[in-house]
Each structure stands twice: as C-alpha cells, then as structure tokens.
Amino acid sequence: MEKSGDGFVRADQIDLKSLDEQLERHLNRAWTMEKNKKKDQEDYSTTTTTSAAAAAAAVSPPAAVTTTSRRQRQEWEIDPSKLIIKSVIARGTFGTVHRGIYDGQDVAVKLLDWGEEGHRTEAEIAALRAAFTQEVAVWHKLEHPNVTKFIGATVGAADLNIQTENGHIGMPSNICCVIVEYLPGGALKSYLIKNRRKKLAFKVVVQMALDLARGLSYLHSQKIVHRDVKTENMLLDKTRTVKIADFGVARVEASNPNDMTGETGTLGYMAPEVLNGNPYNRKCDVYSFGICLWEIYCCDMPYPDLSFSEVTSAVVRQNLRPEIPRCCPSSLANVMKRCWDANPDKRPEMDEVVTMLEAIDTSKGGGMIPADQQQGCLCFRKNRGP
C-alpha cells in the first residue's frame, strides 16, 4: 500500500471482486472440511485426553504468556461467536449479502472472497488483506445519519467459524466478512422503480436529494471519494431516510489528482473525465449526484437504450445529459445542470449543493407529472406536479 504525500492512505490497490460460483464452491468445501474435522476430533479426543492432562500438569505457563501469544483483536473486528447468518438477500460481483444478527442487532452480512486457490499467490492475498485492513479502519470511524453504519469486519482466517441457524461452519481462509446495519427499505433504485408510473411528491424528491447530498458532503469532508454513486448503492431505512452504502470501490482521495485514474463506477453515472480515463477527484461524485438527482425526480433510468460505447462517446464528445422535464422547477434543474457540468472545476462542492437544496421551496409542489396526466402544457400552472 502506498501513501500520498500528505499521509492519506492509498487504497486503490484493494480488489474485493469475487464470483458467486467461487464463493459457493468455497462454502461447500467448508462444510465438508468441518464435517471431517469433527470426525477427526472425536477420534483424537479418546487417545489424547490422558496425555494432555499430564502435560498440562507438568508444564503450566503463566496466564500472561497465553494471552500475549494471541493476536490482538483490532477495534473493528467482530466476535464470530456473536454472529448468526441467515438467508441471502443479494448476490453480486463483490460477493453475497445475507440477513443476519450480530450481538442481538439486525445486520447485513457481506461475504467477500479474494479468489480461488491457485488464482492468487500468497503474497497477493497478504497484500489484499493488508489493504482491506487499512480500508476497514477508515470506514469504522465514519459516523453520519446518511451513511450506512459500519459495525465490524473480520479478515479471512483459517480458524474462523461462522454461526448459522443450522450450526457452525468453518470459513475458507480467503473469505472475509463485513457487517453493516440492516436497512429494511431496500435500495433507492428499487423504490424509484416502484414509483415509476405515479412519480414522487416534490418534497419527497428534495428530502431524498438532501439525504444523499449530506452523506456525500460528509464523506468528502473526511477526504473519502465514493466513486460509484448511484441509486442502486443508496439504501432506505424504515423512515425512508437515504443512506450511502457499498464502499467497494471507494478510496481515500489522493492529494495529487493524477494519482486517481481509471474507469471506476457504473455506466450512466460516470463523469466525462472518468469515462475518458483522465485524472479525477471528488468532483466525479458530484457529477454522479446530478444524475441521481434527475433519476429521483423522474423515477426513470438515464440512457436506457444506449450501449456503453454510445454513452461514452456521447457524454464525453457531445455533452449528452439526461433530458430535464419541462415541469421541473428551475431551482432543482439548476442543481442538476451545475452538478453534471463537463468541467469538474465548475461543479459545486457537495456542501454547496446541500445549501442549494435547502433553499428550495417545496410548498407549491413541482414534482414530476405522471405520463397519464400530461395533457397539454402544465408547466405554467401555479402548482406544478405533486
């Protein structure tokens, strides 16, 4: 792991990608290993009890020696004995997400795999563990109402046992576990899809936008660039508060923008400089926020009919952006336009975006007008939309 000149951790070497098929093969192998392990222990215990007791009586090391011989647990490390893993709630390129309970609290459990044995060298796995450890130490300290609460993690270890409702299983050494608060409202994108026909009230649009903006402003104040801001990575709690989640490709911002390059993010939300492979900074998150703001207002998807190459070319070379509906209040449309400006330097900081959104008057409506109500021009009505 490299460090930037001002002491911030370079986290760009971390790679948490895995395949679900690999993970399931690991878990199946873990069950087999656990079964064999129990059998061996039963056979072994009958022949070693007497000799072990004699050895313990003959040599009794001080308690302090036993304690210090164990690796000291990091403050963010979980106690596996307190974890119960339940059903799978999501699968993706980064692993599998489960419902769970940790120390009596409802949680989401993300199992991450660093690759099938033989695909990575021991040195590579060690480097990934070191990178992950430093990255987790950063997330552990984040505390904000619009950022999903990080509860703890454990780096893969050969003796790690996870408790499930069907008993205990041993996890392969390449598996690590991340635990965050469980948010019952699901992904913001799913909520928007459910409201695609009837749209959202304007005050709801602005409140959700404020939640996301405040969360991003906080991350940027901590020198964290999310790099994959999209509605799919935003979760809702039971009160419909938006919280930023999925920090799989996030990293501490480099002091030199030239140190941050590469196409990291999701098509449709990626800033022109990212699509073009140019250096970028936290302003790439501001661009993505502008796209999310449009999506929240319209309850629709940006560029649904364009391929990757078409979007890349049009966004970078033709300044393509989602079309803002005529019924959208100018105060909100202005935020979108400023955020997705082609020039990163002209985009506002997220704390300024928060101020702009807080100043919007939602008392007169202004929400997106559903398609079945768009009869003639409604944009000059006093109350425009819900």
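User: How many cavities of 30 Å³ or more does the structure hold?
Analyst: Start with the general idea. Rolling a probe the size of a water molecule over the atoms shows where empty space is left. In this predicted model, the structure holds 2 cavities of 30 Å³ or more.

User: What volume does the second largest cavity have, and which residues line it?
Analyst: Its volume is about 50 Å³. The lining consists of Lys 189, Leu 192, Ile 193, Arg 196, Glu 295, Cys 299, Asp 300 and Met 301.

User: Which helix gives the most to that lining?
Analyst: Helix 4, residues 188-194, does, with 3 residues.

User: How does the lining of the second largest cavity divide by class?
Analyst: It has 4 nonpolar and 4 charged residues.

User: Now salt bridges. How many does a search of the whole structure find?
Analyst: The general idea is simple. Side chains of opposite charge can pair when their charged atoms come close. Here the search finds 10 salt bridges.

User: Which residue forms a salt bridge with Glu 181?
Analyst: Lys 243 does, and the closest N and O atoms are 3.2 Å apart. The pair links distant parts of the chain. Glu 181 sits in strand 7 (residues 175-181), and Lys 243 sits in strand 11 (residues 242-244), 62 residues apart.

User: Are Glu 181 and Lys 243 buried or exposed?
Analyst: The cut-off for buried is under 20% relative accessible area. Glu 181 has 13%, so it is buried. Lys 243 has 11% relative accessibility, so it also counts as buried.

User: What does Arg 214 pair with?
Analyst: Arg 214 forms a salt bridge with Glu 358, with the closest N and O atoms 2.9 Å apart. Arg 214 lies in helix 5 (residues 202-221) and Glu 358 in helix 10 (residues 350-358), so the pair ties together parts 144 residues apart in sequence. Arg 214 is partly exposed at 29% relative accessibility. Glu 358 is partly exposed too, with a relative accessible area of 47%.

User: Where do Arg 347 and Glu 273 lie, and how buried is each?
Analyst: Their side chains meet in a salt bridge, 2.8 Å from N to O. Arg 347 lies in the loop between helix 9 (330-339) and helix 10, and Glu 273 lies in helix 6 (residues 272-275), so the pair ties together parts 74 residues apart in sequence. Arg 347 is buried, with a relative accessible area of 2%. Glu 273 counts as buried at 7%.

User: Which residues are linked in a network of salt bridges?
Analyst: Asp 228, Lys 230 and Glu 232 are.

User: Back to helix 5. How many residues does it have, and what distance does it reach?
Analyst: First, the general geometry. An α-helix has 3.6 residues a turn, so residues three or four places apart point the same way. Helix 5 has 20 residues and reaches 28 Å from first C-alpha to last, close to the 28 Å expected. Of its 20 residues, 16 are buried, so helix 5 is largely enclosed by the rest of the structure. Lys 223 follows helix 5, with a positive phi near 65°.

User: And strand 7: in which sense does it pair with strand 4, parallel or antiparallel?
Analyst: In a regular strand the side chains alternate between the two faces of the sheet. Strand 7 and strand 4 (residues 150-154) pair in the antiparallel sense, over 4 bridges. Thr 154 stands opposite Cys 177 in strand 7.

Methods: Residues numbered from 1 in each chain as written. Predicted model: local features only at pLDDT ≥ 70, side-chain atom pairs only at ≥ 80, totals over all residues. Heavy atoms only, no water. 1 Å grid on protein atoms, 1.4 Å probe; cavity = no way out; pocket = protein on both sides within 12 Å on 5 of 7 lines; lining within 4 Å. Points joined across faces, edges and corners; volume = space filled by probe spheres on them. Helix = DSSP H or I, 4+ residues; strand = E, 2+ residues; numbered from the N terminus. Nonpolar A, V, L, I, M, F, W, Y, C, P; charged D, E, K, R; others polar. Salt bridge = Lys/Arg side-chain N within 4 Å of Asp/Glu carboxyl O. Buried < 20%, exposed > 50% of the residue type's maximum accessible area, 1.4 Å probe, protein only. Expected span 1.5 Å × (residues − 1). Pairing = 2+ DSSP bridges.
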